[in-house]
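This report describes one protein model for a reader who is new to structures. Please look at the sequence and the 3D view first, then read on.

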Amino acid sequence: MRKICFALAALLVSSTAQADGELDKILSQFDKDRLANFDKTRSEALSEGLRGAPADVEILTGALDGKPMPMDSGFDMTGTWKCRVIKVGGLLPLTPYGWFKCRVTDDGSGWSLEKISGSQRLTGRFFTESETRLVFVGAGHVNNDPARKYGSDPKEDQVAVVTRLGNNKIVLEFPAPQYESKLDILLMER
């Protein structure tokens, strides 16, 4: 448990995602604020998450284990990924879900993500923030309802800080989601 707590303490120290340039034109003020408060939200959520069941805490720490790696330098995110959602803080300390399918495509203007299975789905685009960090901007929808575009329904808008923590491991962290938790994590592996 000491090793897990130490690993999470190290994860609490990160730089804040700032929306600027192209993102500044796209994002609502609400989402700019969510990203600006990312570190605080993440810290509070992870503190609550540590009170979860030991097996769930192990899933959480495994998801966040790794050092940020460059998102470019020959890395191709396109293709099918297995993905799982981990809800941290809020109504319950920690709730990991099973594995679903996600797909990343590139239309020539950048990477797009779709969560294509499970009842809660999402779709959106990635924007470069730094060499090791992206910002995801998208929207959620339920089951086979038509996918939404960011801005079409503010309650379904989603923003996330995105890091690559392994050769085939991407983590999206959604600060202050509209429903249930303080932080949603989408872990993608292949």
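## Terms and source

Two strands count as paired if DSSP finds at least two bridges between them. Helices (H or I, at least four residues) and strands (E, at least two) are DSSP runs, numbered from the N terminus.

The model is predicted: local features need pLDDT of at least 70, side-chain atom pairs count only at pLDDT 80 or more, and totals for chains, interfaces and linings use all residues. Residues are numbered from 1 along each chain as its sequence is written, and side-chain values use heavy atoms, with hydrogens and water left out.

## Overall layout

The protein has 5 helices and 8 strands. Read from the N terminus, the order of the elements is α-α-α-α-α-β-β-β-β-β-β-β-β.

The protein has 190 residues, and 45% of them count as buried. Buried means under 20% relative accessible area, exposed means over 50%, and partly exposed lies in between (1.4 Å probe, protein chains only). A contact means heavy atoms within 4.5 Å. Among contacts in the protein with a separation of 6 or more, 53% are between residues 24 or more positions apart. Gly-66 is in the loop between α5 and β1 and is partly exposed, at 32% relative accessibility.

Which residues of helix α3 are buried? In this helix, residues 29-36, they are Asp-31, Arg-34 and Leu-35. These residues lie on the same side of α3, because they cover an arc of only 95 degrees around the axis. The arc is that of the directions from the helix axis to the C-beta atoms. An α-helix has 3.6 residues a turn, so residues three or four places apart point the same way. The buried residues of α3 pack against α4 (38-49), β5 (133-142), β6 (157-166) and β7 (169-175).

Helix α4 has 12 residues, and from its first C-alpha to its last it reaches 16 Å, close to the 16 Å expected at 1.5 Å a residue. The expected span is 1.5 Å times one less than the number of residues. The buried residues of α4 include Phe-38, Arg-42, Leu-46 and Gly-49.

## Nonpolar cores

A nonpolar core is a set of buried Ala, Val, Leu, Ile, Met, Phe, Trp, Tyr and Cys residues joined through side-chain atoms within 4.5 Å. In soluble globular proteins, nonpolar side chains tend to be buried together.

The largest nonpolar core here has 24 residues, and those with the most contacts inside it are Leu-27, Leu-60, Ile-86, Val-88, Val-137, Leu-183 and Ile-185. At least two residues of this core come from each of α4, α5 (54-64), β1 (79-88), β5, β6 and β8 (183-189). The element that gives the most to this core is α5, with 4 residues. Another core, of 21 residues, lies apart from it, and among its members are Val-85, Val-104, Leu-122 and Leu-172.

## The disulfide

A disulfide is counted when a pair of cysteine sulfur atoms lies within 2.5 Å. By this rule there is 1 disulfide. Cys-83 and Cys-102 form it, with their sulfur atoms 2.2 Å apart. The angle about the S-S bond is 85 degrees, and the link is right-handed. Cys-83 belongs to strand β1 and Cys-102 to strand β2 (residues 94-106), so the pair ties together parts that are 19 residues apart in sequence.

Are the two cysteines buried or exposed? Cys-83 is buried, at 0% relative accessible area, and Cys-102 is buried as well, at 0%.

## Strand pairs and loops

Strands β3 (residues 111-115) and β4 (residues 120-130) run antiparallel and are joined by 4 bridges. Lys-115 stands opposite Leu-122 in β4. The hairpin of β3 and β4 has 4 residues between the strands, and Gly-118 in this hairpin takes a positive phi near 90 degrees. Strands β4 and β5 also pair in the antiparallel sense, over 10 bridges, and a hairpin of 2 residues joins them. Gly-124 has Gly-138 in β5 as its bridge partner.

Two residues other than glycine also have a positive phi. Asn-143, with a phi of about 50 degrees, is in the loop between β5 and β6 and is partly exposed, at 39% relative accessible area. Ala-176, with a phi near 50 degrees, is in the loop between β7 and β8 and is partly exposed, at 30%.
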